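Here is a short briefing on one protein chain, written for a first look at its structure. Keep the sequence and the 3D view open while reading the points.

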Amino acid sequence: RFNWQFSEYLCFIQRSPANGATAVQQCCYSSWSTGGVFGALVTSGIDKGSMLLYHPRRNPDLYKKYDLDFKDKCCGVAKMCTLYDQRRPSDNCFSYKQPAWTWGWGDPHITTLDGRTYTFNGWGEYIILQYLPSNMEDSFTLQGRMVPVNMTSATQYSAFAF
């Protein structure tokens with residue numbers, strides 16, 4: 001998941017570092033105000049995304065010192081964006097791995113994230129999906145309520161909460 005900030009460019013910052021690391025990826029895309037193609041990945045210059053050594057919300061002081069100030073001094077003051085691009089290349093999403101997805105239909109037939117399918121006709125409220133990383137800030141829980149269908153043993157989803 002990504003947080004985003006709006007400027008002339010739409011920039012998204014990865015919410016959770018991979019495997020307990022501190023570095024996160026920032027990707028920036030052009031907006032209508034840049035005069036270019038809306039949504040194009042910006043891969044060079046001071047407005048491009050890059051690998052950030054520190055997350056802006058988890059380590060704001062280190063992020064400012066080693067990410068923001070470093071980029072401003074290198075690209076803005078010293079006009080050495082080429083060197084910055086070499087040291088902090090923009091990710092072109094070549095190795096991006098799409099997250100697994102799941103879905104259900106009917107009364108409810110469920111396909112899990114690992115590809116298993118089953119039918120579950122339990123009446124009540126259940127946790128449908130839960131992600132609990134080591135830092136609870138990025139946790140996610142999807143709850144579902146299932147109710148009987150027309151006085152039968154079948155159930156259907158009537159509400160979701162996250």
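In this predicted model, three strands make up an open sheet, arranged in the order β8-β9-β10 with antiparallel pairing. Strands β8 (124–131) and β10 (155–161) are at the edges and have a single partner strand each, so one side of each has no neighbour in the sheet. From one strand to the next, the twist averages 30 degrees.

**Pairing in the sheet**

- Strands of a sheet are held in pairs by backbone hydrogen bonds, and the pairing can be parallel or antiparallel.
- Here β8 pairs with strand β9 (residues 140–148) in the antiparallel sense, over seven bridges.

**Salt bridges**

- How many salt bridges does the structure hold? The count is three.
- E125 and R145 meet through their side chains in a salt bridge, at 2.6 Å from N to O.
- This pair links distant parts of the chain, since E125 belongs to strand β8 and R145 to strand β9, 20 residues apart.
- E125 counts as exposed, with a relative accessibility of 56%, while R145 is partly exposed at 38%.
- D67 forms a salt bridge with R88, and their closest N and O atoms are 2.8 Å apart.
- Are D67 and R88 buried or exposed? D67 is buried, at 2% relative accessibility, and R88 is buried too, at 8%.
- Both count as buried because their values are under the 20% cut-off for relative accessible area.
- D69 forms a salt bridge with K64, with 3.2 Å between the closest N and O atoms.
- D69 is partly exposed, at 24% relative accessibility, and K64 is partly exposed as well, with a relative accessible area of 45%.

**Aromatic pairs**

- The count of aromatic pairs comes to five.
- One of them joins F120 and Y126 in an edge-to-face arrangement, with 5.0 Å from centre to centre and 90 degrees between the planes.
- F120 is partly exposed, at 30% relative accessibility, and Y126 is also partly exposed, at 29%.
- Another pair is Y157 and F160, which is tilted, with 4.8 Å from centre to centre and 40 degrees between the planes.
- Y157 has a relative accessible area of 22% and is partly exposed.
- Y157 counts as partly exposed and not as buried because the buried class takes values under 20%.

**Confidence in the model**

- The protein chain has an average pLDDT of 76, and 74% of the residues score at least 70.
- Where in the protein chain is confidence lowest, and where is it highest? The lowest mean, 47, is in strand β1 (residues 2–6), and the highest, 88, is in helix α1 (residues 60–77).
- Over residues 1–6, pLDDT stays under 50.
- For residues 1–6 the model has 24 contacts beyond four places in sequence.

Methods: Residues are numbered from 1 along each chain as its sequence is written. This is a predicted model: local features need pLDDT of at least 70, side-chain atom pairs count only at pLDDT 80 or more; totals for chains, interfaces and linings use all residues. Side-chain values use heavy atoms; hydrogens and water are left out. pLDDT is the predictor's confidence in each residue, from 0 to 100. Helices (H or I, at least four residues) and strands (E, at least two) are DSSP runs, numbered from the N terminus. Contact means heavy atoms within 4.5 Å. Two strands pair if DSSP finds at least two bridges between them. Axes are lines fitted to C-alpha atoms, for helices over the stretch in contact, and angles run from 0 to 180 degrees between N-to-C directions. A salt bridge is a side-chain nitrogen of Lys or Arg within 4 Å of a carboxyl oxygen of Asp or Glu. Buried means under 20% relative accessible area, exposed over 50%, partly exposed in between (1.4 Å probe, protein chains only). Rings of Phe, Tyr and Trp (its six-membered ring) pair if their centres lie within 6.5 Å; planes under 30 degrees apart count as stacked, over 60 as edge-to-face and the rest as tilted.
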